[in-house]
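Please look at the sequence and the structure below before reading on. The briefing then turns to the ligand and its surroundings.

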Amino acid sequence: MRLDKYLAKSSGFSRKEVRRFMKSGEVMVNDAEVMDPALHITEEDEVYLSGYPVEAPGDKYLMLNKPLGCVCSNEDGTHPTVLSFIDLPRANELTICGRLDVDTTGLVLITSNGKWAHRVTSPKHKTGKLYQVTTADPIPEDAVEKFNKGLMLINDKERTKPAQLTITSSHEAEVILTEGRYHQVKRMFAAIGNKVVELHRQRIGNIELDEELEPGEYRFLTDEEINSIK
Ligand code: URA
């Protein structure tokens, strides 16, 4: 986006006013004073007006590769939160789309758009979440049908919604859930007498965890990824 448009959209000043700020040397991009209103600004650039950072206009949509040992909450007294990896102004105000346990790794979506976050997490929208599971004991074939029929979990009033289980080796499987109950994957395996020893989320809807992202790294979603959440 052009610098003058970026500034006008974020600050509320008109483009004419923004250009006046530029002429008087009040606009910096990264470490340089900038006077060219047409300069192309990317998400990586840091823009300052009169010494104050100016956030990029519009909502933010990110994917993070969650490492082990951090939590999906905005604050935690014990563990780092997933938001501590996000190097953006006011990152702690962003919404985390659904929680992964402290010992679960993989795809976490983070946004400033609460409605979009709701579409990711609400069972009504049936956005499938694909988990890769490693278990302590072999996974029997009949688990596929049990997951598909739904399981009664301790303390829950209703069966789980149909979940698609694909056994990939004796102790490994992929499971797609469309709801996000507390410790759901672990409790479903516990309900069939097994134990989850590793859990990783690989996909949400059609948004696949980017293999370029190391644990703790994040990137902005593409428009196609954002629009794929219905
Ligand atoms: N199910 C779990 O048991 N844990 C997670 O982190 C996510 C789904």
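How far from a nitrogen atom of the ligand does a polar side-chain atom of Asp 101 lie? The distance is 2.7 Å. This is a predicted model, in which local features need pLDDT of at least 70 and side-chain atom pairs count only at pLDDT 80 or more, while totals for chains, interfaces and linings use all residues. Residues are numbered from 1 along each chain as its sequence is written, and side-chain values use heavy atoms, with hydrogens and water left out.

**Contacts with the ligand**

- A backbone N or O atom of Val 185 lies 3.1 Å from a nitrogen atom of the ligand.
- For Lys 186, a backbone N or O atom lies 3.1 Å from an oxygen atom of the ligand.
- The protein buries 96% of the 240 Å² that the ligand exposes when taken alone (areas by the Shrake-Rupley method with a 1.4 Å probe).

**The shell around the ligand**

- The residues surrounding the ligand (a heavy atom within 4 Å) include Leu 100, Thr 104, Tyr 131, His 183 and Leu 199.
- By type, the shell has four nonpolar, three polar and two charged residues.
- Helix α5 (residues 184–191) gives the most to this shell, with three residues (helices are DSSP runs, H or I, of at least four residues).

**Domains**

- The protein chain is divided into domain 1 (3–54), domain 2 (61–123 + 212–227) and domain 3 (128–204), with bounds from an automatic or database domain assignment.
- The ligand lies between domain 2 and domain 3 because both give residues to its shell.
- The centres of domain 1 and domain 3, taken over C-alpha atoms, are separated by 50 Å.

Key: Polar contact = N/O pair within 3.5 Å; in protein donor to acceptor, adjacent residues only side chain to side chain. Helix = DSSP H or I, 4+ residues; strand = E, 2+ residues; numbered from the N terminus. Nonpolar A, V, L, I, M, F, W, Y, C, P; charged D, E, K, R; others polar.
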